[in-house]
Amino acid sequence: MAWDGMDAFVRALEARAELVRIRRRVDADLEVAAIADRVMKAGGPALLFEDVSGSRFPCLVNAFGSRSRMSLALGVADFEEHARAIADLVHPGASGGSSAILQLARKLPELAHAPPRSVATGPCQIHVRTGDDVDLDALPILTCWPADGGPFITLPQVITRDPDSGVRNVGCYRMQKLDRRTTAMHWQVHKTGARHFRRAKEMGLRRLEVAVALGGDPALTYAATAPLPDGIDEWMFAGFLRKRAVTTVKCKTVSLEVPADADFVLEGYVDPQEDLAIEGPFGDHTGYYTPRDLFPRFHVTAVTHRSEAVYPATLVGPPPMEDAWLGKATERLFLPLLRLLFPEVVDMNLPVEGAFHNLVLISIKKQYPQHASRLAHGLWGSGQMTFSKVICVVDDDVDVQNLGEVAWRLLANLDPKRDFSFVDGPIDQLDHGANQALWGGKVCVDGTRKWREEGYTREWPEPCRMSAEVRARVDAMWPELGIPEGLLVAPGATRERGRASDVPAHGVQGALSATVAVEAVARVAQAAREWLARGRP
Ligand SMILES: Cc1cc2nc3c(=O)[nH]c(=O)nc-3n(C[C@H](O)[C@H](O)[C@H](O)COP(=O)(O)O)c2cc1C
């Protein structure tokens, strides 16, 4: 299912009581962010700020901020539906052979709507301002945290073309407003937009054209954040998800196309030969401020918009935030693709406290000695999984969505000296833990059961489980035992703080047990680090 712009999505959210309209005047400088932060942390609704000081446009925040809203944004009842569709597509029948090919052929009509389709006109160009009339001050661009370097556009879809091949890329890279007609362009060094920029610079070009879409179908915003391989069209992916082709129109002042249904479009260019601008600080996904750094300037040559344009924004910062759900959708939708490379993977959880890259919990069907290490090295060589700092591998009988279970099984199985393998490699540009930017240490924690071939000569114990037959007997007698449900609180937890068993599937709101797991792993990692340091000559 597809949405014709943010306004349609807003109405759908409202019909489901998932949105609150805020009519009171609120300042774009910190006030919207402070309200949004409180609501995001409380798992609250989407917020439509109708009167943001200095702008006539409403600002939508936290639109992706729950499992149901994230799913609605992608046009389904639950985003696992997309995960299943992708799995069916890439794993057409376990048997392989001719029946698999037949199954794949049956899927082809579903892909017919994937490629984008160009049209002559679109609502995103009803209002057009070019040249001196461009005024970014008209937009409700938010300043998010007190020490931020200024206001930032936080949910843009940044469109560029490869200067050699012309292949399009769409990425979500924040943009700090520098003045009425200029922003910084924060494409990090590993991202495709930055690669286009570097190539344009090498070629001596004075212009790399850039268009920035804001809003439109929320599936487009999601696609811009999705870690698709360089060269795979984000709009094709969005077309597949929404089961309708993304329609595009030609820009007014640059030779790029933009989604016809976008709410706003900023057209312009970066000059690869121009001095870079100082960008930041910015309160980031990590929950810390990313310091000032140098990034290209984006010169805006036109702003176009719809008549009922809604400005989309988000706030990132100490987790959990709205972007947790964008990340969770990616975790689920990309798992079947990851299994193409690593069929041994059973499930994966990127807990929200790990801010996407810091912690990967992954279960495998172990098939040979050191299998966990092979998987970790494979992940460190796979797209944006490269940035994974701590990869914890467990056996397939551990539910990685249950953080309490992971902490228990992983820590019980560990011999830190044996099971931690450290490597150096590229890390996320936002990471501040390493001694220097862009590279640092990473660790694989092998929490799988150890084999004789791995040097384990004792008998590996089984986890204690009540037999099914006894459990059934107890189930039957339970009502007669007179134990009030209200008195059943797991050891180590209070009812107010929640229990490991309260952690919902996919763990996003399981802050308590996530923190316990993360802290436990961090403590063991530190002990192992110290041990290794002491052991070095
Ligand atoms: C809310 C949000 C903001 C983001 N901001 C940035 C950013 O400023 N710079 C960046 O390089 N990546 C940012 N990302 C991550 C990229 O959008 C993501 O890595 C994407 O896959 C990059 O696309 P690309 O591979 O086409 O470059 C952000 C993601 C989200 C969800």
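Predicted model: local features only at pLDDT ≥ 70, side-chain atom pairs only at ≥ 80, totals over all residues.
Me: Why is helix α4 called roughly parallel to helix α9?
Reply: The axes of α4 (residues 80–90) and α9 (residues 323–341) come within 7 Å and cross at roughly 20°. Angles under 35 degrees count as roughly parallel, and therefore α4 is described as roughly parallel to α9. As for handedness, α4 passes α9 in a right-handed crossing.

Me: What makes the contact of α4 with α9, and which classes does the contact have?
Reply: From α4 the contact takes E80, H82, A83, I86, A87 and V90, while α9 supplies R332, L333, L335, P336, L337 and L340. By class, this contact has nine nonpolar, one polar and two charged residues.

Me: How do you know that strand β12 pairs with β4 and with β13?
Reply: Two strands pair if there are at least two bridges between them. Two bridges join β4 (residues 117–118) to β12 (residues 247–250), and these strands run parallel, with T247 as the bridge partner of R117. Three bridges join β12 to β13 (residues 257–259), which run antiparallel, and there E257 is the bridge partner of K250. Each count therefore meets the cut-off of at least two bridges.

How values were computed
Residues numbered from 1 in each chain as written. Axes fitted to C-alpha atoms, helices over the stretch in contact; angles between N-to-C directions. Helix = DSSP H or I, 4+ residues; strand = E, 2+ residues; numbered from the N terminus. Parallel < 35°, antiparallel > 145°, perpendicular 65-115°, else oblique. Left-handed = near helix turned anticlockwise from the far one by under 90°. Contact = placed C-beta atoms within 7 Å. Nonpolar A, V, L, I, M, F, W, Y, C, P; charged D, E, K, R; others polar.
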